[in-house]
Structure formats: structure tokens, C-alpha cells
Amino acid sequence: MPAIGMIGLGNMGMPMSKNLLGSGYAVYGFDVNPDAEKEFAAAGGVAGLTIEEVVKQTEVVLTSLPSPGIVESVYTGAGGILEHARAGQILVDTSTVTPGLNERLAVACQAKGVGYLAAPVSGGVIGAKNRTLTIMVGGPKNLYDQMQPIFAALGQNIFHVGARVDSGTAVKLINNLLIGFYTSAVSEGVTLAAQMGLDLDQLFEILNVSYGQSRIYERNYKSFIATNDFAPHFSLNLLLKDLKIAQEMAHQAGLDLPITAELISLYEKSQQAGFGEQDMAALYSYVQAAQRKIQA
């Protein structure tokens, strides 16, 4: 079994790392947060290392990072992954980044004889903990085949989208674009229901067996709105970041998505109102606050 490096031990990287440890892999972790490294070490991982040390002691390196800028810096910056990677090693980025960054990293890896896959994931923190993630992989099929046992330790629905390294990223961005729409619809729909004096639990029960049902409605309502607890599993800031990347992808493809532009404007306003660090379901709180302001 190959030794695995995990760079990024956050909301997604931590449970994925623990599942790899639970599957019998030796896992070497790195995070800028010392508390995360302590938790990882307590679970049986090897921590307290530099990126250089993680790369040199492993055959496969996974990254789970919050933004394209951080991903690019970790891969190509001074002291980064590619400075120390060696021929035959496989690098897999599970972050949500731009297709253009996928392409640049693939070229840089190829120049060093290093394998590279872009494999963004969907399913949130719960999916990461329960090994039920959907993994959307772009890149060479032979590398995908080599990574199958590792992917199987992380997720339940694993797809090789295509040989183009950015193909899985395109699917992930469309997925998150739809999440943005659904989260907005749930926020406004539940706000309207509350204003009409409806029982929100009964509303969910009815719509859950109607065409208004969605997994995002279930997630956002049951886990956040109903409990009035918006501690972030996937923050509004991260969703806004992905919506903007999806819009950029559309522009590069020669498309104008007018509803997406309106959606981004809504999320920007909620961010400016102070909801950005909360879970994306907190858009409901923003919509409610905005309505109270209008009615005042």
C-alpha cells in the first residue's frame, strides 16, 4: 500500500485522512493550523512535517485546500509540492479550482514526470466522514486506475469523467452552481412559508414527497434552518467562490448566464452583511433579515 500525503487537514481533508488511516494506509499530513495537525496525529497520522518532508516520504500526495490561489502556491511556490516531487509520483488535487489552474498544474507535473489528477469531491463534511463522497476525476485513465483503491477508501460514487484534466472540475462547478440556485430557492421558499404562518416541519414533510424536494432542501432545512445553527460545514464564502469560478468558466466558453449573475449578486450582498463565514444555509437568515428591513 503506498504511503499517502495529505496537504490540507480542514473540514474535508481531516475526515478523508482519517478514512485513509482506517483503511490501513500510512498517511503523512500537513496543515498550517497546529490544532488540526494535533487532531490528525491523535488519529494515527504522521504530523509535524514540512511540505517537503510529506512529499519525500510518500508515493501519492492528495491536496484539499480552500482556494485556487492557495492550491497554486502549494503546488508551484517556493518549497511547494512540485519543487520536491519526483518522477513516478502521483499528485491528486481534490479542491475546487479553475479549469485553467488544472491545466497549468498538469503541464508542470508532466515536465517533471509526475502524474496529476484533478479530482474534486462532492458530499460535504458528512460525506467525507461517511466515505460516501462523489469523486469526479479528470486526467489519464491509467492514473485513475492506479488511484481506484484510494478513491474507494474516500467515497462511494467515483467517476472518471474524461482524459481532459479539467473535465471533473467542470462537472463539480456545474454541481455547485446548482447548489447555489437550490440554496437560494430554499431560503426564499421557507421565508415565504414562515410569513404565511405555515408549519415549517410539515412543509418539509409535504415537499419532501413532492417535486419541490431536493437534497439541498433536506440538508439546509434539517441540519441548519430547523435547528437555527449555522456553524459552517460548507461556508457561504466558499460557495460564492465556486459560483464566481463557474461564471468565469462560462465566460471562457462564450456563454452569458444571466441568472447566475443575479445569484452571485445575492450571495455578495449576504457576504457583505456578515454571513460569509457561516454555513451556506445561512442565506436563509440573510433573506429574512433583508425582508425585515424592507417591512420596517
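Is Phe-159 buried, partly exposed or exposed, and at what relative accessibility? In this predicted model, Phe-159 has a relative accessibility of 47% and therefore counts as partly exposed, since that class lies between 20% and 50%. The residue belongs to strand 8, which covers residues 155-162. Phe-159 also takes part in a nonpolar surface patch, made together with Val-161 and Val-171, with an area of about 240 Å².

Turning to helix packing, a pair worth a look is formed by helix 12 (residues 236-252) and helix 13 (residues 258-275). Their axes lie 10 Å apart and meet at an angle of about 155 degrees. Helix 12 is therefore roughly antiparallel to helix 13, as the angle is over 145 degrees. The crossing of helix 12 past helix 13 is left-handed.

Most residues other than glycine have a negative phi. Arg-131, although not a glycine, has a positive phi of about 60 degrees. Arg-131 sits in the loop that joins helix 7 (124-130) to strand 7 (133-138), and with a relative accessible area of 28% it is partly exposed.

Asn-228 likewise is a residue other than glycine with a positive phi, here near 55 degrees. Its place is the loop between helix 11 (215-225) and helix 12, the latter being the helix that packs with helix 13. Asn-228 has a relative accessible area of 62%, which means that it is exposed, the cut-off being over 50%.

Notes: Residues are numbered from 1 along each chain as its sequence is written. This is a predicted model: local features need pLDDT of at least 70, side-chain atom pairs count only at pLDDT 80 or more; totals for chains, interfaces and linings use all residues. Side-chain values use heavy atoms; hydrogens and water are left out. Patches are made of residues with over 30% relative accessible area and no salt bridge: like charges are joined within 9 Å, nonpolar side chains (Val, Leu, Ile, Met, Phe, Trp, Tyr) within 5 Å. Accessible areas come from the Shrake-Rupley method with a 1.4 Å probe; for residues, only the protein chains shown count as cover. A salt bridge is a side-chain nitrogen of Lys or Arg within 4 Å of a carboxyl oxygen of Asp or Glu. Helices (H or I, at least four residues) and strands (E, at least two) are DSSP runs, numbered from the N terminus. Buried means under 20% relative accessible area, exposed over 50%, partly exposed in between (1.4 Å probe, protein chains only). Axes are lines fitted to C-alpha atoms, for helices over the stretch in contact, and angles run from 0 to 180 degrees between N-to-C directions. Angles under 35 degrees count as roughly parallel, over 145 as roughly antiparallel, 65 to 115 as roughly perpendicular and the rest as oblique. A crossing is left-handed if the near helix is turned anticlockwise from the far one by less than a right angle, and right-handed if clockwise.
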